[in-house]
Each structure stands twice: as C-alpha cells, then as structure tokens.
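Hi,

Here is the structure I promised to pass on. Have a look at it first, and my notes follow below.

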Amino acid sequence: MPAVVPSADVTHTGSTEATVRRSKKSTPYLLLIPGLAWLSVFFIVPLFSLFLTSLQVPVEEGNPDAGFAQAFEVSNYTNALSEYMPQFIRSFMFAGAATLLALAIAYPLAYFIAFKAGKWRNLMLILVVAPFFCSFLIRTYAWKTILADQSPVTQFLNALNLLPDDRILNTPIAVITGIAYNFLPFMTLPLYAALEKIDPRLIEAAGDLYSSPFTGFRKVTFPLSLPGVVAGTLLTFIPAVGDYINAQLLGSIKDKMIGNVINSQFLIVRDYPTASALSFLLMASVLILVFLYVRRAGTDDLV
C-alpha cells in the first residue's frame, strides 16, 4: 500500500496552529513587561538604593554635608529601633484605633448603601469618594479648624464634660479621628463591594428559619462580607501606620508617629541611614502583621 505523504497545506496548517498556540502562551508574559519595567525602575531600584543607604555611616560625625560612606553597618537598624521604639508603638496603636473607628463607621454606611439606598445608591457612593476631590492636606487642615478649642464641636463636648483635658486638638483623639476620616473611603468601598454581592435570598432564608435579625447578621451577612472587612482594614491600616500629616497638624509633640520621625530624619536632620533603616523596619513590621492577619482571617479571596 503506497505511503501517504502529507500535503503542503496540511503541513502549513499544523505549523500555523503551533505558532498560534505559542503566541497565546507568550501573550500573558508579554503583557507583564510594561508593569514589570515600571516596578523595576520606580520600586525595586529605589528600594535597593534605600537598603544600601540604611547601611551607610557618616564620613564626619555630626556633619551630613560631608556625605556618607558604604560600611554595611547593620547596627543602624538596632540603634534606630531602640531609639524610636515609642514612636513605632504609637504608630501601630494610632493606626489600629483609627482602623477600628473607620470600620465602626463604614460598615453601617456600606450596609445601608448596599441594601437600603435604592435609587440613591449612586449618589451616596459619589458622596463617599467626594473627599478625594480635595487635597489630603486641605482635608486635614479642615479638621484642625473643626477640632479647635473654640469650635462648636469642642464646646458642645465640653458642655457634656466628655473631654478630660477640655480640648480635642493636639491630643491622640484628634490624630486618630483625622486618620479615620481621611482613610474612611478605603474602608467603605471594599465593604460595599462585598455586601453588594450577597444574595438577599440568603438573608431572607435566615429569617424564614426563625433567626432573629441579629442572628441572621452574625451567621449570614457578616461571614459573607468578611473579605470586604479584611480588604478594608488592610487598605486603611497600612497607609495609616506610615501617616505623619495627621500627627503633625492635629497632634502634639507627644503624639508624633514613626512617619514624623522618618520625615524629620530625611529632610531636617538629614541622617539618611537612620531614616532608611526606620523605613525598612516599618515595612518589615507591616508585612509581618499583614501576613499574620490575612492567614488568621482565612478568607479565600486574600490568602
């Protein structure tokens, strides 16, 4: 029986299909190139430079104008941590308190928008993000006016004897309030996205099974909204830890956070190794806490 020789058309078709398959496999990697290039130039390279700076020592002690020399001085980290530990602890305490406050405010707001707002939903979402149309600095200055000693808010709370020092400005309360306000949209939007995806029939089914509204919320609504809670708390807590504007404008000298120290070391003292070491310590601390938090939360969307 004579051998069947494949025609040129069949060979060409097979080659074309192989080329298409290779092209499809390589397309995702090609699409990654612009993003990887951007991250390399504006994140990885500066991060590596910052790391090298954190290991330098001054050429002349007390004279930053003389420059710094590379000495791989690991003790910069231990010295910075021991000297500024109170500011580290204060930063995490303020950020944690502000995150909890933002969660307490944002969850009812997001719940109302998702389930009760009706035709007003889009308008309320616009109002949530409306503060972003204004500068972060201007918003914080506005809170400085709102919380001033002679403001109606402060006078009203003083009339109720709710302020221990008869003032809000230049206290930890003002700093925490300012942080919570400035990052409130970062908490509200992920919560709304998670709540909006919940099937209302699940909540109705909980009521049909004779569960109280609170039990239905605890057993059905809140567990299903947990990915939004985790995402919102992360988006609020991470930038809040490194924030320094609110502590600078709304707090006192005793309320300075680690961001204020890093800013001062970079721009005023010009002790670049210490500032760089503090920056890396802050990043490492946040990464560890975020990893433990996400693992503990156990949400499939984030783990």
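Let me start with Thr-236: apart from its neighbours within four places in sequence, Thr-236 is in contact (heavy atoms within 4.5 Å) with Thr-99, Ala-102, Phe-183, Phe-186 and Met-187. Thr-236 sits in helix α11, residues 226-241; helices here are DSSP runs of H or I with at least four residues, numbered from the N terminus. Its relative accessibility is 0%, so Thr-236 counts as buried (under 20% relative accessible area; exposed is over 50%, partly exposed in between, with a 1.4 Å probe and protein chains only).

A word on the source: this is a predicted model, where local features need pLDDT of at least 70, side-chain atom pairs count only at pLDDT 80 or more, and totals for chains, interfaces and linings use all residues. Residues are numbered from 1 along each chain as its sequence is written, and side-chain values use heavy atoms, leaving out hydrogens and water.

Helix α7 (residues 172-182) has buried residues too, including Val-175, Ile-176 and Ile-179. Among the elements covering them are α3 (85-115), α8 (184-196) and α11.

Now the rings. The structure holds 14 aromatic pairs (ring centres of Phe, Tyr or the six-membered ring of Trp within 6.5 Å; planes under 30 degrees apart are stacked, over 60 edge-to-face, the rest tilted). One of them, Phe-51 with Phe-280, is edge-to-face, at 5.6 Å centre to centre and 65° between the planes. This pair joins helix α1 (residues 8-53) to helix α14 (residues 272-297), with its partners 229 residues apart. Phe-51 is partly exposed at 34%, whereas Phe-280 is buried at 18%.

Best wishes

Terms used:
Helices (H or I, at least four residues) and strands (E, at least two) are DSSP runs, numbered from the N terminus.
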